[in-house]
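Here is a short report on one protein.

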Amino acid sequence: MNSTEPYVHWIHCNKCYQLYIKKEVSFYLLACKHVICSLCAIELPQSINGPRAYKCPVCSQTTRACVIGNTMPKNLKDLFHPQPYLDGLDNYKIMSFQQEQRKKFFEHMYKLETRRTNLLQEIELAKQKTRQLFQNFEETKAERRQLQYVCQGLRLNKDSCASSTSSGYSSAANDRNLNEL
C-alpha cells in the first residue's frame, strides 16, 4: 500500500458506488464532475471526427469523459490530489470536488447502514414469530397426543363393553339383575 492509497478511498462510481481502490474496472471523470465506472458508463455513438461522448447516468447530461489515472491532464488529475495544500494548488476547487464526492459516498453508506439495521430488526421479528409458531406447534402436538390417549381409552372401553355383551350378558340384563338386588 503506497502513501496515497488512504486518500483515494472516497473515489467511487456516483451511480453504483463501486470503489476505485478495488481496481476492478476503469473509472471516468465526466465533464459534469460526476465519477462513473466503466460498467455504468453510457457511451453514445461516436461522431466522425469528434471526441467520445457519454450520457451521465447521474444527471443525464451528454458530456465528455476522461479515464481516471496517471494519464489524465494535470488540471483534472489535480482534483484527485491527496494533499493539494502542500503543492500550492487551487485548494478550494480541489477540496470542494473531493468533499462533494465524499458527501455522496457517506450518504450512500448511511443509507446502506440504515437498510442493514432495518433488515436486522425484521430478521429479529421473524425469529420471534418463528419461535412463537414453533411453541404453538409443540403445544398442538402435545394436545394431539393427549387426545389420542383419550381416544384410545374410549376405544378400549367400547371394546370391553362389546366383549361383555358378546359373552351373553346385555347391559339391560345387568341393569335388571342390579334392580333385583
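## Contacts and model

Of the protein's contacts between residues at least 6 apart in sequence, 43% link residues at least 24 apart. A contact means heavy atoms within 4.5 Å. The model is predicted: local features need pLDDT of at least 70, side-chain atom pairs count only at pLDDT 80 or more, and totals for chains, interfaces and linings use all residues. Residues are numbered from 1 along each chain as its sequence is written, and side-chain values use heavy atoms, leaving out hydrogens and water.

## Fold

The protein has three helices and six strands. Their order along the sequence is β-β-β-β-β-β-α-α-α. Helices (H or I, at least four residues) and strands (E, at least two) are DSSP runs, numbered from the N terminus.

Three strands make an open antiparallel sheet, ordered 3-4-5. Strand 3 (42–43) and strand 5 (62–63) are its edges, each pairing on one side only. Pairing requires at least two DSSP bridges between two strands. Strand 3 and strand 4 (residues 54–55) run antiparallel and are joined by two bridges. Glu-43 has Tyr-54 of strand 4 as its bridge partner.

## Burial and surface

Of the 181 residues, 24% are buried (under 20% relative accessible area; exposed is over 50%, partly exposed in between; 1.4 Å probe, protein chains only). The protein exposes about 13500 Å², with carbon and sulfur atoms supplying 55%. Areas come from the Shrake-Rupley method with a 1.4 Å probe.

Leu-86 sits in the loop between helix 1 (74–77) and helix 2 (91–166). Leu-86 counts as exposed because its relative accessibility is 56%.
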